[in-house]
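Here is a briefing on one protein chain.

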Amino acid sequence: MRIYRKNAIRALVFSSVFVLYCIVTTLTIGSACPIRILFGLPCPACGMTRACLAALTFDFAKAFYIHPLFILGVGSAAAGLILYIVKPDVLDSRAVTVAASCVVAAFIVLYVIRLALRPNTLMALEYSYDSLLGRIIRLIKNGI
């Protein structure tokens, strides 16, 4: 099995930057989700960081409660990084595109179900007025 050194370094840098981003934004802003930060609404992947942190402490019940698809998300990301390192040409295949589309569809379906069935829990569609869009709206309402 050939390992593409340049891709391995890129994957390591990307993963490190992503983890650092999650840590810094969670500690400073309270959320690692760029959709929530910008628009103030939860996204289909909302809760993935908290679910992974719960899983790291072996609290799998809490992890699955926070986001039932956290293993699918982490597994897909890990598989994508591994493929990028050892066989990057496979990422252009139709099978990978279909698989990635199925993962995205699963997240969207779960998102809709969670919003419909659990409106007053973790996935409550509650607007964050501290988001960038919320601050812009406040500026416009208050006459800049």
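In this predicted model, α3 and α5 are roughly perpendicular to each other, a label for angles of 65 to 115 degrees. The angle between helix α3 (residues 48-56) and helix α5 (residues 70-86) is about 95 degrees. Their axes lie 10 Å apart. Axes are lines fitted to C-alpha atoms, for helices over the stretch in contact, and angles run from 0 to 180 degrees between N-to-C directions.

**Basis of the values**
- Residues are numbered from 1 along each chain as its sequence is written, and side-chain values use heavy atoms, without hydrogens and water.
- Local features need pLDDT of at least 70, side-chain atom pairs count only at pLDDT 80 or more, and totals for chains, interfaces and linings use all residues.

**α3 against α5**
- From α3, Met48, Ala51, Cys52 and Ala55 meet Phe70, Gly73 and Val74 of α5 (contact: heavy atoms within 4.5 Å).
- This contact of α3 with α5 has six nonpolar residues, one polar and no charged.
- Ala, Val, Leu, Ile, Met, Phe, Trp, Tyr, Cys and Pro count as nonpolar, Asp, Glu, Lys and Arg as charged, and the others, Gly among them, as polar.

**α5 against α6**
- The axes of α5 and helix α6 (residues 94-117) come within 11 Å and cross at roughly 160 degrees.
- That makes α5 roughly antiparallel to α6, the label for angles over 145 degrees.
- Leu72, Gly73, Ser76 and Leu83 of α5 make the contact with Val96, Val103, Ala106 and Phe107 of α6.
- By class, the contact of α5 with α6 has six nonpolar, two polar and no charged residues.
- Gly73 of α5 takes part in the contact with α3 and in the contact with α6.

**Second largest pocket**
- The second largest pocket has a volume of about 160 Å³, the space filled by probe spheres set on grid points joined across faces, edges and corners.
- A pocket is an open set of points on a 1 Å grid over the protein atoms alone, where a 1.4 Å probe fits, with protein on both sides within 12 Å along at least five of seven lines.
- Its lining (residues with an atom within 4 Å of a point) is Ile29, Ser31, Arg36, Ile37, Ser128, Asp130, Ser131, Leu132 and Arg135.
- That lining holds three nonpolar, three polar and three charged residues.
- α2 (34-39) and α7 (132-141) each supply at least two of the lining residues.

**Overall layout**
- The chain has seven helices and zero strands; these are DSSP runs numbered from the N terminus, helices being H or I with at least four residues and strands E with at least two.
- Its C-alpha trace spans about 60 × 35 × 35 Å along the principal axes.

Notes. Parallel < 35°, antiparallel > 145°, perpendicular 65-115°, else oblique.
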